[in-house]
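Me: I am new to this structure and would like to learn how to read it. Could you take me through some features, one at a time?

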Amino acid sequence: MAATTMLQKLAYFHHFPEFRQHQQPRFQFTRKPNNQTPFSKNYSRLHSDNGNYFPVTSSTIEEISGNHAKIRRMIQEFNPEIPIDEAFTPPSSWYTDPDFYSLELIQVFYRGWQSVGYTAQIKEPHDFFTGRQGSIEYVVCRDEKGTLHAFHNVCRHHASLLASGAGKKSCFVCPYHGWTYGLDGALVRATRITGIKNFQVNEMGLVPLKVATWGPFVLINFEGGVMPKEGLDTKAVGDEWLGAAAEILSTNGVDTSLDYVCRHVYTLECNWKVFCDNYLDGGYHVPYAHKGLASGLQLDSYSTKMYEKVSIQSCGGATKNCGEEVYRIGSEALYAFIYPNFMINRYGPWMDTNLVLPMGPRRCQVIFDYFLDSSLKDDNAFIEKSLEDSKKVQEEDIILCNAVQQGLESPAYNVGRYSPTLEMAMHHFHRLLLQNLSS
């Protein structure tokens, strides 16, 4: 992933002031006297609380202003009020422009609850796992008492990443200079700081993030903030994350009763929204691109319902004798999309989830986690065959998504149209995006 730009950092600090309290020094724009035009010199300065300065050139200020104007124009190219049967899709620039992508990170991915993992990863004290959302590195863990925590995975000394992967730890030791943090985030050892002045140990702990669980999923709110001592109310978090769809998903088998099986990770050469659009086309592409999957579905029974930030597509399983495919899918398939980038697929004895992580304007990573009814956890032949079938579908989708991205780069394409009877969930997704990006 490309390095975080200064503009992205400034935007992050502007949107999330609660993050700044953990950072020393803090930066802000200098104010000009009233009788001077702002930035009238060839450069201005950002200054810190300790009086240190670094320059912001006039070209940087022009870049900020120019980017805002350009992005506003791109946002305004999509009108969410036009009904789907008359509407045009968002322009290709939403899928290719680096500045638009930077705005998405701030407005979409660093706000609200985001799925980052599953509860089996942090089942016991000392369990931890790490991840990345945009430019944010995070770590989720349980301390000695079993309390759940999440932090920015960055040492407060010189910014080294603290942990990687997943597993068990009794503490986090920075691999760079050995600073050590407890699983509650407190700094417990700072090496070779003899002579340092004005050093407050209790102000140098890891920067916290709000973390919660809902069903089998771990959620983080990247807007940060201190966790209440009693933890967050699961129902309240579920209502905020899923709205009215929370109860529907719970009653349709999205719970902790299934056994975790495995994870597959794919890297696609396309914008993250291309994968989401493909998922949300109401089964439009299935008979053309996934003939094996189509044989196990009654595509004429496909239905789509929208909720606040969730859309649920469902389809009956084929009644004719299609062998293994029907057994794997069962009597009905349910596909839930949770804005902005998380999908839950429930069918037969299986549940799998798709987490789409942006890696730049033209690249994304999709993490598939598979869960299975415990009665089949030892049926290795069934598991292997089901995973092979799933892999085939994913490989077919990767070809489609990469090809769409190439088409989006073409000067021959700017906007498209929706299929009014099929692509309602896609239109819903684009309207939610517009709402976030305009706020």
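Me: Where is the place of Asp-397?

Reply: Happy to start there. Helices (H or I, at least four residues) and strands (E, at least two) are DSSP runs, numbered from the N terminus. Asp-397 sits in helix H11, which covers residues 380-408. Before going on, keep in mind that this is a predicted model, where local features need pLDDT of at least 70 and side-chain atom pairs count only at pLDDT 80 or more, while totals for chains, interfaces and linings use all residues. Residues are numbered from 1 along each chain as its sequence is written, and side-chain values use heavy atoms, with hydrogens and water left out.

Me: Does Asp-397 count as buried or exposed?

Reply: Buried means under 20% relative accessible area, exposed means over 50%, and partly exposed is in between (1.4 Å probe, protein chains only). Asp-397 has 7% relative accessibility, so Asp-397 counts as buried.

Me: Which residues does Asp-397 touch, not counting residues up to four places away in sequence?

Reply: Contact means heavy atoms within 4.5 Å. With those sequence neighbours left out, Asp-397 touches Asn-278, His-285 and His-290. A polar contact is a pair of N or O atoms within 3.5 Å; within protein, one must be able to donate a hydrogen and the other to accept it, and residues adjacent in sequence count only if both atoms are side-chain atoms. The side chains of Asp-397 and His-285 make such a polar contact, at 3.3 Å. Also try finding Phe-275: Asp-397 and Phe-275 are 122 residues apart in sequence, but 8.2 Å apart in space, C-alpha to C-alpha.

Me: Which residues of H7 are buried?

Reply: They are Trp-272, Lys-273, Val-274, Phe-275, Cys-276, Asp-277, Asn-278 and Tyr-279. Helix H7 spans residues 272-279 and is mostly covered, with eight of its eight residues buried. At the start of H7, a side-chain oxygen of Asn-271 comes within 2.9 Å of the backbone nitrogen of Lys-273.

Me: At what angle do the axes of H7 and H11 cross?

Reply: Axes are lines fitted to C-alpha atoms, for helices over the stretch in contact, and angles run from 0 to 180 degrees between N-to-C directions. The axes of H7 and H11 cross at roughly 125° and come within 10 Å. The contact is made by Val-274, Phe-275 and Asn-278 of H7 and by Asp-397, Leu-400, Cys-401, Val-404, Gln-405 and Leu-408 of H11.

Me: What do we call H7 and H11 relative to each other?

Reply: Angles under 35 degrees count as roughly parallel, over 145 as roughly antiparallel, 65 to 115 as roughly perpendicular and the rest as oblique. H7 and H11 are therefore oblique to each other.

Me: At what angle do helix H4 and helix H12 pack?

Reply: Helix H4 (residues 98-109) and helix H12 (residues 424-438) pack at about 90°, and their axes are 9 Å apart. That makes H4 roughly perpendicular to H12. Here Phe-100, Leu-103, Glu-104, Gln-107 and Val-108 in H4 meet Leu-433, Asn-436 and Leu-437 in H12.

Me: How many disulfides are there?

Reply: A disulfide is a pair of cysteine sulfur atoms within 2.5 Å. By this rule, the count is zero. Take Cys-401: the closest cysteine sulfur is in Cys-270, and at 4.8 Å it is too far for a bond. Cys-401 is also buried, with a relative accessible area of 1%.

Me: Which residues have backbone values worth a look?

Reply: Most residues other than glycine have a negative phi, and most peptide bonds are trans. His-126 has a positive phi, near 80°, and is found in the loop between strand E4 (113-118) and strand E5 (127-133). Asn-198 has a positive phi too, near 55°; at 77% relative accessibility, Asn-198 counts as exposed. As for peptide bonds, a cis one joins Tyr-339 and Pro-340, with omega about 10°. Pro-340 lies in the loop between strand E17 (332-338) and strand E18 (342-347).

Me: How many helices and strands does the chain have?

Reply: The chain has 12 helices and 20 strands. Of its 439 residues, 51% count as buried.
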